[in-house]
Amino acid sequence: FFREPSNKPENLELDEDTEAQNALYDAELPEDDDLPTTGFVTNTGEEFDEFDDDQVDAGSVVSKINVSDATVQKQGKRRCSECAKSGNGIKKGWVNQRCCRNMCKSCCDQVVDDGRICTEHDKGKKKSKAKAQSPLLIFPFMADEQELRAAASDLGELKLARDSFADDNDGSDALQVQNEQARRASTTVLKNDIDRLAAGVWFNDVLIDFWMRWISGAPNNPAADVHMLTSHFMSKLAKHGPQEVSSWTANTNIDVFSKKLIFVPVNAEAHWSLCVVVNPGFVANNLDDDMHGSESHEGSFVLFLDSLRIHNQHYFASKIYDWLNYEWGRLNKDAALSNPFNKISMPLLAPKIPEQENGCDCGVFVCRYAYNLVQMRHSCFSQFDIQDKCKSLISDDELFQFDMADIARIRKEFRSLIRNLSAMYVKSKTLSRK
């Protein structure tokens, strides 16, 4: 799901490691005066009038003698042991080619196993790669909030989410300031990222982070009632502990206990799910027997939304409890409550929700789950909802009555939004240079 997938060739047997192979190819050849005027020569000095695979050992560099000026042209390359045994011929003109059986798709019909191409097409390949790595969009960027909202016009959830936060802030001025503050933790979208919005492709961390940032209006605003943590937060928390992620809130003066909803995307085992911390500042209410089951008093709990139900929700909830207890101590909260967060004081709930019907849409489901809860941020997440296991609050709510057709639509609208914003971003960069 992350940006740099591996493209290593499979079942590739080499005689020596890469460094040795490269050294072999660049081996010094005999002096020009010692070369014949025609034929072939290897890096070991062996000469042949006619080239024959069986005469050359695996790993040899074969060069052709230029009859006109008696200089060596490195047009041959080493053979792997597999090719030497099978008698395959040596190809010429390859760039850092590790095995002569790989061929350039630009020159023939056979696909190169590890993505390399011949010298003739290498220049164009580098230009194409550079273009793919250039940013389409760095978000947020300085822009009028009305223009940002116009970019999402008629784009379903993406439009409604932005409109609702503009209403919360009584116009665009407040969001304009918040966007400027949020630029310190911007999200960069490349062409390779937007390609993942095609049907059947997994979402990566960039798309998840961008969606969370867009639907939350201004995620770094200390006054906001929702807070979005990036897709890398849980990975680092689970591996290194709460001390290693304390800066994520301390450096931005975020008091997590003032938040109503804290969103924590989870990526593990090639799958996305969503953990949401609800009302962490009301944990004391859960310990008050007089409030149990109340519909008017806010409750504190952890929601775990998994479209395949394959993640170990109890494991990830335990990491959330550790983090909240650490933050409680760091911010010097109520000393009478020491380490108040656990599975009893803050129950883990996994209500019935729409689930995916394939193996590739988990990231899109996480985006839709997050959108639904952001839209519900003004609702009362009560003690009754804990008793009810969020059946009325979530399972039966109209927002959670979506299907695979909605998921397919979200992919298309997400792509449209990024393209619209990319055009605005390029324009803003051009104007800033003048």
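This is a predicted model: local features need pLDDT of at least 70, side-chain atom pairs count only at pLDDT 80 or more; totals for chains, interfaces and linings use all residues.
**Strand β9**

Begin by selecting residues 271–278, which form strand β9. Are these residues buried or exposed? Eight of the eight are buried, so the strand is largely enclosed by the rest of the structure. In a regular strand, side chains alternate between the two faces of the sheet. To view one face of β9, display His271, Ser273, Cys275 and Val277; for the other, display Trp272, Leu274, Val276 and Val278. Both faces are covered.

**Strand β8**

Then move to the turn: two residues lie between β8 and β9, which form a hairpin. Glu269, in this turn, has a positive phi of about 55 degrees.

**Strand β10**

Which strand is joined to β9 by five bridges? Select residues 301–305, strand β10, which runs antiparallel to β9.

**Helix α12**

Finally, select residues 313–330, the 18 residues of helix α12. From first C-alpha to last, the helix reaches 26 Å, close to the 26 Å expected at 1.5 Å a residue. Colour its buried residues, among them Phe316, Ile320, Trp323, Leu324 and Trp328. Lys319 and Glu327 also belong to the buried set. An α-helix has 3.6 residues a turn, so residues three or four places apart point the same way. End the tour at Asn332, which follows α12 and has a positive phi, near 55 degrees.

Notes:
Residues are numbered from 1 along each chain as its sequence is written. Side-chain values use heavy atoms; hydrogens and water are left out. Buried means under 20% relative accessible area, exposed over 50%, partly exposed in between (1.4 Å probe, protein chains only). Helices (H or I, at least four residues) and strands (E, at least two) are DSSP runs, numbered from the N terminus. Two strands pair if DSSP finds at least two bridges between them. The expected span of a helix is 1.5 Å times one less than its number of residues.
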